[in-house]
Amino acid sequence: MAQENVNPGKPVKYLTGIALFLAVLFISAGIILPVLNRTREFKHPPSAVADLKQIGLALMMYALDFEDHFPERPGYNGFNQLITEEYLTDRNVYVLAGSPFSKAENDQLLQEENCSYVYIGSGIQQRVNSSDGDVPIAFSKPELNNKYFNILFADGHVSGFETPELNTTPEVIDYLRQRFKAAK
């Protein structure tokens, strides 16, 4: 007689192992995916931090050449000083990739609609001279994400902040003045 090599418990153990593996996989995905989506929702891509750091370096070089003074004019006009004085002429840096703002042409100066960042400008100089560098000088526009934005500080570092919903640039500036006691 031929001996049958049947192990009735083996298929059940195999199927139980697969079911357990799939359960752990789906539970892990259920935990990890919402966290990743929330991170993507709140934060700007690394290019926003890189853009602000480049702008910060250009502002530092400008200040070195202009007796420790940053450009006086706020908003995109301050960035235009960096362009006209040839400290940072690449218009791509002033527009976050994937944002609703369009890049200025190489022969054009920046306008409100082609700049993803706001330079605080006038009034910060006094605080920067007597500060440890924890003075905000530029930030990403609230139109990009009104609950999270990146801030460039006078010492060159960039930090992201989750905030109460701020919808306009003046609201963000008021928030920064209150939080960091920035100059008017």
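This is a predicted model: local features need pLDDT of at least 70, side-chain atom pairs count only at pLDDT 80 or more; totals for chains, interfaces and linings use all residues.
Colleague: What counts as a strand or a helix, and when do two strands pair?

Modeller: Helices (H or I, at least four residues) and strands (E, at least two) are DSSP runs, numbered from the N terminus. Two strands pair if DSSP finds at least two bridges between them. F139 stands opposite I151 in β3, and the bridge partner of I151 in β4 is S159. The β3 and β4 hairpin has four residues between the strands, and there G156 takes a positive phi near 100 degrees.

Colleague: What does the whole chain look like, in order of elements?

Modeller: From the N terminus on, the elements run α-α-α-β-α-β-β-β-α. That gives five helices and four strands.

Colleague: How do I check the length of helix α2?

Modeller: The expected span of a helix is 1.5 Å times one less than its number of residues. Helix α2 (residues 46-65) has 20 residues and should therefore span 28 Å; its end C-alpha atoms are 29 Å apart, which agrees. Just after α2, E67 takes a positive phi of about 50 degrees.

Colleague: Which residues of α2 are buried?

Modeller: Buried means under 20% relative accessible area, exposed over 50%, and partly exposed in between (1.4 Å probe, protein chains only). In α2 the buried ones are A48, D51, L52, I55, G56, A58, L59, Y62 and A63. They cover an arc of only 165 degrees around the axis (taken from the directions from the helix axis to the C-beta atoms), which puts them on the same side of α2. P46, L57, L64 and D65 are exposed on the other side.

Colleague: What do the buried residues of α2 pack against?

Modeller: They pack against α3, β1, β2, β3 and β4, where contact means heavy atoms within 4.5 Å.

Colleague: Where is Y87, and is Y87 buried or exposed?

Modeller: Y87 is found in the loop between α3 (76-84) and β1 (117-119). Y87 is buried, with a relative accessible area of 17%. Leaving aside neighbours within four places in sequence, Y87 is in contact with A58, M61, Y62, D65, F66 and L82. Y87 and M61 are 26 residues apart in sequence and 7.2 Å apart in space, C-alpha to C-alpha.

Colleague: And T169, what is in contact with that one?

Modeller: T169 is found in helix α5 (residues 169-180), and at 16% relative accessibility T169 counts as buried. Beyond its neighbours within four places in sequence, T169 is in contact with V118, F139 and P142.

Technical notes
Residues are numbered from 1 along each chain as its sequence is written. Side-chain values use heavy atoms; hydrogens and water are left out.
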